Amino acid sequence: MDTFSFQTTPSVLAEIGGTAKIGEFLAARGCRKVAFVTDAMILELGLANAALDGFRKAGLDVWTFSDVQPDPPEAMILKAVEEARAEGVDCVASVGGGSSLDTAKLIALLLKCDQPIAEMYGVNLVKGERLPLVLAPTTAGTGSEVTPISIVTTGTNEKKGVVAPQLLPDYAILDAELTVGLPAAVTAATGIDAMVHAIEAFTSKRLKNVVSDCLAKQALELLGSNIRTACFSPENRDARAKMLLGSMLAGMAFANAPVAAVHALAYPLGGHFHIPHGLSNALVLPHVLEHNLPEAAGAYAELGPIVFPDLVGKSEAERAAGLIDGFLKLGPELGIPSRLSELGVNHNHLPMLAEDAMKQERLLINNPREMTLEAALDIYTKAL
Ligand SMILES: NC(=O)c1ccc[n+]([C@@H]2O[C@H](COP(=O)([O-])OP(=O)(O)OC[C@H]3O[C@@H](n4cnc5c(N)ncnc54)[C@H](O)[C@@H]3O)[C@@H](O)[C@H]2O)c1
Ligand SMILES: [Fe+2]
């Protein structure tokens, strides 16, 4: 058997209303004042109420930072750390999308570890510890609650990752009630992001392992069979809970068998055009799969029928091609844009996007087939 190692968040609670328990978890660890990290929309929708009530009942003081912006900018994170330090917080909790969770992870780290953030970008470069940390996702999604990763926008438009075991939280809470009001377009795009995590983990050239493989397949089964219900019958809590579970399992998978070219080509779209992360992935996904097909046909044939059951019983070549074709049709079926040109991207932008994608070496080394500048340009051209 191949050697592998596997890490994940040590405690997980999947329970409707479970965010009410964050306070007692932190109080039991001797914490007194929590930095609560979220965005204005989450507060406005009342999604933070149960967590905030729980803090009060547990006797914790609370400092709320609700200025998280999508694709969190480095300057915003550093400002939050400065304010949190002045407030004297001793633990961090977040209820929100991937942007809030990623921000909370870095706040917890930067409050305890005095290494400059600029030295943390990359894999395993963090030297130091973090404060106690609890995360509850409101999208299904990034899987950030079980990944050792925070993605930051540096300067004006480059997305960089801090990847370090210290970023795995102490506790992840899956509360499906939080995702019931998620708009259909966000449900679709974030759900496809989670599917991409599972697919890229399953085909990762480096660190592919048997535990991630099991998780990726189970994630795709849950996500593939519930994404339409979650989009078209948003109040179906069973479908919502299964999407959240699928997203977490996909997160556990790719935290240990890292993602690759779909994400590398998606990041410049977020950086330059502020296209949401899930949608960026959905737009390039079928075209990257097509590029990878010569090296990944067996894996795609295995995954095809899990996501699209009408492929069961077909030949290996048909199942692999069917996975790609299925994703070409899924975006439009769910009502999200399927072409870059619908989002303000034109031909002149493509060389810049391809050059930026090639900078994502951390991701490209995991791709089952080599990515070149020409291939990246070709993929963006097909996605235009
Ligand atoms: N850490 C990781 O492992 C990892 C993995 C993938 C992506 N990411 C990062 O995560 C970020 C994307 O996160 P995201 O896709 O979860 O979105 P997000 O956190 O950026 O949120 C997008 C929008 O959806 C809204 N929203 C979130 N939950 C809602 C709900 N339940 N109801 C209504 N509105 C809601 C938010 O207020 C926001 O306006 C990107 O920065 C991406 O790079 C991180
Ligand atoms: Fe992602």
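The model is a predicted one, in which local features need pLDDT of at least 70 and side-chain atom pairs count only at pLDDT 80 or more, while totals for chains, interfaces and linings use all residues. Residues are numbered from 1 along each chain as its sequence is written, chains are lettered from A and ligands numbered from 1 in the order in which they are written, and side-chain values use heavy atoms, with hydrogens and water left out.

## The iron site

Which protein atoms are donors of the iron ion (ligand 2)? They are OD of Asp193 and the NE2 atoms of His197, His263 and His277, which lie 2.1 to 2.2 Å from the ion. Donors here are N, O and S atoms within 2.8 Å of the metal (3.2 Å for Na, K and Ca), and since water is not among the atoms, sites may look incomplete. Along the chain, the donors follow the spacing D-x3-H-x65-H-x13-H. Histidine 197 belongs to helix α6 (residues 184–202) and histidine 277 to helix α10 (residues 277–307), so this pair ties together parts that are 80 residues apart in sequence. Helices (H or I, at least four residues) and strands (E, at least two) are DSSP runs, numbered from the N terminus.

The arrangement of the four donor atoms around the iron ion is irregular because the angles they subtend run from 86 to 163°. Four donors count as tetrahedral if all angles lie between 85 and 135 degrees; four count as square planar and six as octahedral if opposite donors are over 155 degrees apart and all others between 65 and 115; anything else is irregular.

Histidine 197 counts as buried at 2% relative accessibility, and histidine 277 also counts as buried, at 18%. Buried means under 20% relative accessible area, exposed over 50%, and partly exposed in between (1.4 Å probe, protein chains only).

## Helices α7 and α10

Two packed helices are described by the angle between their axes and the distance between the axes. The axes of helix α7 (residues 210–232) and α10 cross at roughly 35° and come within 8 Å; axes are lines fitted to C-alpha atoms, for helices over the stretch in contact, and angles run from 0 to 180 degrees between N-to-C directions. On the α7 side, Lys217, Leu220, Glu221 and Gly224 meet Glu302, Leu303, Ile306 and Val307 of α10, where contact means heavy atoms within 4.5 Å. Sorted by class, this contact of α7 with α10 has four nonpolar, one polar and three charged residues. In this sorting, Ala, Val, Leu, Ile, Met, Phe, Trp, Tyr, Cys and Pro count as nonpolar, Asp, Glu, Lys and Arg as charged, and the others, Gly among them, as polar.

## Salt bridges

Side chains of opposite charge can pair when their charged atoms come close. How many salt bridges does the structure hold? The structure holds 17, a salt bridge being a side-chain nitrogen of Lys or Arg within 4 Å of a carboxyl oxygen of Asp or Glu. The table lists some of them.

| Salt bridge | Closest N and O atoms |
|---|---|
| Lysine 159 with aspartate 71 | 2.5 Å apart |
| Lysine 112 with glutamate 129 | 3.5 Å apart |
| Aspartate 213 with lysine 208 | 3.0 Å apart |

The pair of lysine 159 and aspartate 71 forms a salt bridge. It links distant parts of the chain, with lysine 159 in strand β8 (residues 158–163) and aspartate 71 in the loop between β3 (61–65) and α4 (74–87), 88 residues apart. Lysine 159 is buried, with a relative accessible area of 8%, and aspartate 71 counts as buried at 12%.

Aspartate 213 lies in helix α7 and is buried, with a relative accessible area of 16%, whereas lysine 208 is partly exposed at 38%. Leaving aside neighbours within four places in sequence, aspartate 213 is in contact with Phe202 and Lys208.

## Residues in loops

Most residues other than glycine have a negative phi, and most peptide bonds are trans. Asparagine 124, in the loop between β5 and β6, has a positive phi near 55° and is exposed, with a relative accessible area of 53%. Leucine 207, in the loop between α6 and α7, has a positive phi of about 70° although it is not a glycine.
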